[in-house]
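Here is a short note to read alongside the structure, written for someone meeting it now. Please keep the view open and follow the points in order.

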Amino acid sequence: MTKVALVTGSNKGIGLAIVQSLCKQYGGDVYLSSRDVGRGTAAVEKLQSEGLKPFFRQLDITDPESVRAARDFFKEKYGGVDVLINNAGMAFKVADTTPFGTQAKVTLKTNFFATRDMCNEFLPIIKPGGKSAETSQRTHGITADGVWSTHSRPHTIIVF
Ligand SMILES: NC(=O)c1ccc[n+]([C@@H]2O[C@H](COP(=O)([O-])OP(=O)(O)OC[C@H]3O[C@@H](n4cnc5c(N)ncnc54)[C@H](OP(=O)(O)O)[C@@H]3O)[C@@H](O)[C@H]2O)c1
């Protein structure tokens with residue numbers, strides 16, 4: 001079966017760079033994903049203009065329906081996922097005047113809870129020998145929370 005890599009939040013920034021790099025090096029299908037279809041397809045077109053061939057999937061990690069629909073898509077089309085990069089995330093600017101408590105709540109919603117939910121839905125379909133990776137330290141909290149301890153499929157988890 002065709003191998004497949006999925007990068008969350010990859011319409012710009014580090015995620016887009018990872019998709020760009022995977023398209024050049026990875027021996028399987030590479031999915032750029034975005035919560036916004038317009039921003040996602042624009043990013044795909046940018047990479048296509050460079051001669052690369054990413055696929056696109058809508059995926060908002062804070063939307064359980066979007067996460068489950070994506071999980072079902074990869075399970076059905078590829079029998080699971082070989083490489084999952086949990087990159088989607090957000091951060092307030094240092095100068096932002098939003099009250100700290102609100103910043104904490106909004107940040108945790110995406111960077112911790114939504115990433116945890118992604119792991120809960122996708123780790124069971126990571127193929128044996130597959131890899132999942134995170135682009136921030138937030139996963140230490142997830143590990144401490146025991147989310148991954150319920151997952152017994154043999155694959156590698158990378159945190160960077
Ligand atoms: N840059 C750094 O120095 C740094 C350091 C440590 C960790 N990180 C982590 O690395 C990751 C990427 O950072 P970056 O600098 O490339 O950030 P970025 O340029 O702001 O890109 C973040 C990406 O995540 C997407 N995203 C946000 N909320 C989402 C959601 N609910 N569902 C799906 N996608 C969502 C954004 O989509 P939209 O365009 O729709 O907003 C965007 O594509 C983040 O998780 C960040 O916390 C970055």
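**Notes on the chain**

1. The expected span here is 1.5 Å times one less than the number of residues in the helix.

2. A word on what you are looking at: this is a predicted model, in which local features need pLDDT of at least 70, side-chain atom pairs count only at pLDDT 80 or more, and totals for chains, interfaces and linings use all residues. Residues are numbered from 1 along each chain as its sequence is written.

3. Which residues of α2 are buried? They are G40, A43 and V44. These residues cover an arc of only 100° around the axis, which puts them on the same side of α2. The arc is taken from the directions from the helix axis to the C-beta atoms. On the face turned away from that buried side, α2 carries the exposed residues G38, R39 and E45. For these words, a residue is buried if 20 or more other C-beta atoms lie within 10 Å of its own, exposed if 12 or fewer, and partly exposed in between, with C-beta atoms placed from the backbone.

4. Helix α3 (residues 64–78) can be read in a similar order. At 1.5 Å a residue, its 15 residues should span 21 Å, and its end C-alpha atoms are 21 Å apart, which agrees. The buried residues of α3 are V67, A70, R71 and F74. Seen down the axis of α3, they fall within an arc of 100°, so they line one face of the helix. The face turned away from them carries the exposed residues E65, R68, D72 and E76.

5. V67 and M118 are 51 residues apart along the chain, yet their C-alpha atoms are separated by 6.7 Å.

6. Now for the wider plan. The chain has five helices and six strands, and from the N terminus on its elements run β-α-β-α-β-α-β-α-β-α-β. Of the 160 residues in the chain, 34% are buried.

7. Strand β1 (residues 4–7) has V4 and L6 pointing one way and A5 and V7 the other way, and all of them are buried. β1 pairs with β2 in the parallel sense over four bridges; two strands pair if DSSP finds at least two bridges between them. Within that pairing, A5 stands opposite V30, while V7 has L32 as its bridge partner. β1 is also joined to strand β4 (residues 81–86) by three bridges, again in parallel, and there A5 stands opposite V83.

8. Is strand β2 (residues 29–34) mostly covered or mostly open? Mostly covered, as five of its six residues are buried. Four bridges join β2 to strand β3 (residues 55–58), and the two run parallel. The bridge partner of S33 in β3 is R57.

9. β1, α1 and β2 make a right-handed β-α-β unit, and so do β2, helix α2 (residues 37–48) and β3. A crossover is right-handed if, with the strands pointing away from the viewer, the path from the first strand over the helix to the second runs clockwise.

10. In helix α1 you will find A17. With 13 C-beta neighbours inside 10 Å, A17 counts as partly exposed. A17 and L47 are 30 residues apart in sequence and 9.9 Å apart in space, C-alpha to C-alpha.

11. Finally, the ligand. Which residues come nearest to the ligand? Of the 24 residues around it, these are G9, G13, I14, A88 and G89; a residue is near a molecule if its C-beta atom, placed from the backbone, lies within 6 Å of it. Helices α1 (13–25) and α4 (100–122) each supply at least two residues of the shell. The shell divides into seven nonpolar, twelve polar and five charged residues. In that division, Ala, Val, Leu, Ile, Met, Phe, Trp, Tyr, Cys and Pro count as nonpolar, Asp, Glu, Lys and Arg as charged, and the others, Gly among them, as polar.
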